Amino acid sequence: MDRVHYTEQENVGRKMDIYEVLQELKEIERTCVTLFYMEDVSLEKIADIVEAPVNTVKSYLSRAKRKMADYLNKNGYERNG
């Protein structure tokens, strides 16, 4: 297999892993992660959307990031920082 196809397969695998790990999150955590990291929505706007204080949204994001990192580490990804 040439390098281009290997890299494309690797990228598809990573995307699949991200979608899998998102399914492991609680719905509220998944919503916050999706809005903040994928849709670039501000913390304040997310707080309005999910009807929670900004600090609660920050907690959801923190817990979600930890869960995602743990899941990905268990599946062969190394934590960078």
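Q: Which residues are buried in α2?
A: E29, C32, V33 and L35 are buried there. Keep in mind that this is a predicted model.

Q: How far does α2 reach from its first C-alpha to its last?
A: It reaches 15 Å, with twelve residues. That is close to the 16 Å expected at 1.5 Å a residue.

Q: What happens just after α2?
A: D40 takes a positive phi there, of about 60 degrees.

Q: Switching to the core. Which residues touch the most other members of the largest nonpolar core?
A: C32, V33, I46 and V57 do. That core has 19 residues.

Q: Which helices supply it?
A: α1 (3-24), α2 (27-38), α3 and α4 each supply at least two residues. α4 gives the most, with seven residues.

Q: And what does I46 touch?
A: Leaving out residues up to four places away in sequence, I46 touches C32, L35, F36, V41 and V57.

Q: New topic: how do α3 and α4 cross?
A: The axes of α3 (residues 43-50) and α4 (residues 54-74) cross at roughly 95 degrees. They come within 9 Å. Angles of 65 to 115 degrees count as roughly perpendicular, so α3 is roughly perpendicular to α4.

Q: Which residues make that contact?
A: From α3, they are L43, E44, I46, A47 and V50. From α4, they are V54, V57, K58 and L61.

Q: How many are nonpolar, polar or charged?
A: Seven are nonpolar, none are polar and two are charged.

Key
Residues numbered from 1 in each chain as written. Predicted model: local features only at pLDDT ≥ 70, side-chain atom pairs only at ≥ 80, totals over all residues. Heavy atoms only, no water. Axes fitted to C-alpha atoms, helices over the stretch in contact; angles between N-to-C directions. Helix = DSSP H or I, 4+ residues; strand = E, 2+ residues; numbered from the N terminus. Parallel < 35°, antiparallel > 145°, perpendicular 65-115°, else oblique. Contact = heavy atoms within 4.5 Å. Nonpolar A, V, L, I, M, F, W, Y, C, P; charged D, E, K, R; others polar. Core = buried A, V, L, I, M, F, W, Y, C linked by side-chain atoms within 4.5 Å. Buried < 20%, exposed > 50% of the residue type's maximum accessible area, 1.4 Å probe, protein only. Expected span 1.5 Å × (residues − 1).
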